[in-house]
Amino acid sequence: MKNQNIKFIQGNEACVEGALYAGLDFFAGYPITPSTEIAELLSYRLPQKGGKFIQMEDEIASMGAIIGASLTGSKVMTATSGPGFSLMQEALGYAIMTEIPCVIVNVQRGGPSTGIPTHVSQGDVYQARWGTHGDHAIVTITASNHQDVFQTTVDAFNISETYRTPVILLYDEVIGHMREQLVLPKQGELPLVERLRTSVREGVNYHPYLPREDGRLPMSDFGGVHRYNVTGLFHDMWGFPSDNPEVVHDLIRHLVDKIRNNVNQIARFKEYYLEDAKCILISYGSSARSARHVVEYLRPRGEKLGLLELQTLWPFPHDIVNEKCVNAKHVVVVEMNMGQILREVKRAVERPERVFIANRIDGVFITPKDIRDILRVIQGKGV
Amino acid sequence: MEKCRLVFSGSGGQGVITVAIILAEAAVLYENLIAVQSQVYGPAARGGATRSDVIISDSEIHYPKVIQPNVLVCLTQEAYIKFYPIIRPGGLLITDTRYVKIQRKVDAQQKELPIYRTVMEEIGNPIVFNICMLGAVIRMTDLVKAESIMKVLKDRIPSGFLEMNRKALNLGMKLAEDVKS
C-alpha cells in the first residue's frame with residue numbers, strides 16, 4: 001500500500017514542499033539551472049493554494065518583488081543559482097538594512113560568471129556571507145538530504161521571521177537534482193513562526209524601527225493602516241533617513257548583534273562518531289554525503305573517524321567547531337571549492353596547522369575515494 | 001539485501017532516465033526500500049550518450065552516484081563504448097541487439113536482448129521500448145515486483161496507455177526468462 005506522505009522527488013521539490021509547509025504565499029523569480037524546478041513547481045502549486053507566483057524579467061527585479069511582497073505581510077521566497085545570486089546582492093543588502101524577512105535559495109553550480117551550469121560546486125559560501133556591501137550579518141543554511149532540505153527550508157522561514165532578516169538556503173546541484181525519499185511531516189508537527197505584527201491601532205503613531213524590550217520589531221503590513229517610511233539609508237525609529245552618529249552606530253550594531261548574539265540558537269549541525277574520533281571530517285551539503293560514506297566505511301575497519309556536518313554556515317558556529325574538534329589529531333574539511341569553510345575552521349580550532357582540505361573543483365561530485373586518498377596522505381600511508 | 005547499483009545508458013529520448021525514476025520510485029513507494037536516483041544534465045540529455053544512476057538498498061545510501069554498476073544497461077553503441085568499462089566484475093550487462101554490437105568480452109554476464117525488435121513486432125510502438133527493457137531488468141534482478149512498476153505507471157501516464165505498458169513490461173520479463181533458461 002502506498003503511503004501518501006512518502007514522496008520520491010528531487011531536492012528542489014523537497015525545498016518547495018518545505019516552503020509551502022512553512023506558509024510561503026509569494027514567489028518571484030527567474031528560472032536558472034540547477035534551481036529551475038523550484039520555480040517550475042511553484043508556478044502551479046502556489047496559485048493552487050491562493051498564493052502568487054510571478055516570473056520576473058531578471059533576478060534584480062525578483063529580489064525587489066519579494067521584498068515588497070514581504071513588507072505587505074506575505075511569506076516570500078525566490079530561487080536562483082550563482083549568476084542570478086550575483087544580481088540579487090544589491091537588493092539583498094536593502095532587505096538586510098530594512099530588516100525585511102525573505103528566503104533566498106541558491107542552488108549552487110560552478111562559477112565564476114555563467115561557469116558550468118549543469119555541474120556541482122560549493123563556491124558561493126563566501127558570496128552568501130559578503131556578496132552585498134557594508135558591514136552586516138546574514139544567515140545561511142544548507143542540507144545534505146531531502147528530509148533535511150525540507151526541515152532547513154522550514155527553519156529558514158522561521159529564522160527569517162524571528163530575526164527579521166533575509167535567510168539564504170545554499171543548496172547545490174547534486175542535492176537539487178537527485179531524487180530520494182521525503183516523508184512529509186504532518187501539519188502542526190514542525191513549529192512555524194508567524195509574522196510578528198504590531199498591536200498599535202489605526203490612528204496611533206507606529207514606529208516601524210522601535211524595538212520591543214526583547215529586541216524584536218513588530219511589523220505593520222505596508223499599505224494597511226499605518227503610513228511609514230522604508231529606506232536603505234541609515235534610519236531612525238520612524239524609518240526616516242538619519243546621519244546622526246548615534247543612530248548610525250546603534251543601527252549597525254543592532255543589525256550585526258541580532259544575528260551574532262544568537263549564533264548558537266541559529267546553529268544547526270549533525271555529528272557522527274565524534275566521541276572518540278582521532279580524525280574529524282567537517283563537511284556540508286552534498287559533500288557531506290561522500291564524507292559520511294567514508295566514515296561509515298572506515299569505522300568498522302577500525303579507523304577512529306568522525307563527521308561533523310554543518311547545516312548553518314553563517315553565522316559560522318566557531319565555538320561549536322572548536323569544542324567538537326578539541327581532541328582531534330587531524331581535521332579534514334570536505335568541500336567543493338578552494339577552501340572557503342576551511343578558512344573558517346582554521347580560525348575556529350586551537351591548532352589550525354592540523355586542519356586539511358579534501359576538495360574537488362572540476363565540476364565533478366567529490367567521491368569517497370577522493371577523501372580517502374587525502375586521509376592516506378595525512379596519515380602517512382603514502383599517495 | 002546488498003546494495004544494488006544500476007546504470008541505465010542510451011541516447012536522449014530513449015527513456016532511460018524515465019525508467020530509472022520509475023524503478024527507484026517503485027522501490028521506495030511500494031517495496032519499502034531505500035533508493036536514490038541521479039542523472040546527467042546538459043547536452044547529453046538531448047542526444048549523445050546519456051546516463052541515469054540508481055542505487056537500491058534496504059539501508060541508508062550516502063554517496064548517491066554509481067561508480068561500478070552491478071547492472072549496466074546500454075541502449076546505443078555510443079553508450080556501450082563509453083560505459084562498458086565501468087561494469088562491476090561479475091555484474092550484469094544488458095544490451096539491445098538492434099542498437100549495440102558487442103565488441104569486447106567483459107568480466108560480467110552479457111545479455112544481448114532483442115528488446116527493440118520484440119516491441120516493434122508485438123506492439124508496434126517504440127514509445128514502450130524503455131518499459132520493455134525495464135521488464136527484463138526486474139526479471140533478471142528481482143529488485144521489485146512487476147505490480148509495483150505498474151502502480152507507479154498508473155500514477156504517471158494516461159490510463160489509455162496503461163495496457164500497452166503492461167504488455168511491454170511482460171514482454172521484457174519474458175525475454176529475460178528466455179535467456180535465463
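**Getting started**

Chain A has 13 helices and 15 strands; helices (H or I, at least four residues) and strands (E, at least two) are DSSP runs, numbered from the N terminus. The model is predicted, so local features need pLDDT of at least 70 and side-chain atom pairs count only at pLDDT 80 or more, while totals for chains, interfaces and linings use all residues. Residues are numbered from 1 along each chain as its sequence is written, and chains are lettered from A and ligands numbered from 1 in the order in which they are written.

**Exercise 1. Find out how the radius of gyration of chain A compares with the globule rule.**

Step 1. Recall the rule: 2.2 Å times the number of residues to the power 0.38, with the radius of gyration taken over C-alpha atoms.
Step 2. For the 383 residues of chain A the rule gives 21 Å, and the radius of gyration is 21 Å, so chain A is as compact as a globular protein of that length.

**Exercise 2. Describe how domain 1 and domain 2 of chain A are placed and how they touch.**

Step 1. Locate them: domain 1 covers 6-183 and domain 2 covers 271-378 of chain A, with bounds from an automatic or database domain assignment.
Step 2. Their C-alpha centres are 26 Å apart.
Step 3. Look at the contact (C-beta atoms, placed from the backbone, within 7 Å): domain 1 of chain A contributes 26 residues and domain 2 of chain A contributes 19 residues.
Step 4. On the domain 1 side, helix 5 of chain A provides the largest share, four residues.
Step 5. Sort that side by class: 14 residues are nonpolar, nine polar and three charged. Here Ala, Val, Leu, Ile, Met, Phe, Trp, Tyr, Cys and Pro count as nonpolar, Asp, Glu, Lys and Arg as charged, and the others, Gly among them, as polar.

**Exercise 3. Is strand 11 of chain A enclosed or exposed?**

Step 1. Apply it to residues 279-283: five of the five are buried, so strand 11 of chain A is largely enclosed by the rest of the structure.
Step 2. Check each face: A:Cys279, A:Leu281 and A:Ser283 are buried on one side, and A:Ile280 and A:Ile282 on the other.
Step 3. Find the partners, remembering that two strands pair if DSSP finds at least two bridges between them. Strand 11 of chain A is parallel to strand 12 of chain A, with five bridges, and A:Ser283 faces A:Glu309 there. Five bridges also link strand 11 of chain A in parallel to strand 14 of chain A, where A:Cys279 is opposite A:His330.

Conventions. Two residues are in contact if their C-beta atoms, placed from the backbone, lie within 7 Å. A residue is buried if 20 or more other C-beta atoms lie within 10 Å of its own, exposed if 12 or fewer, and partly exposed in between; C-beta atoms are placed from the backbone.
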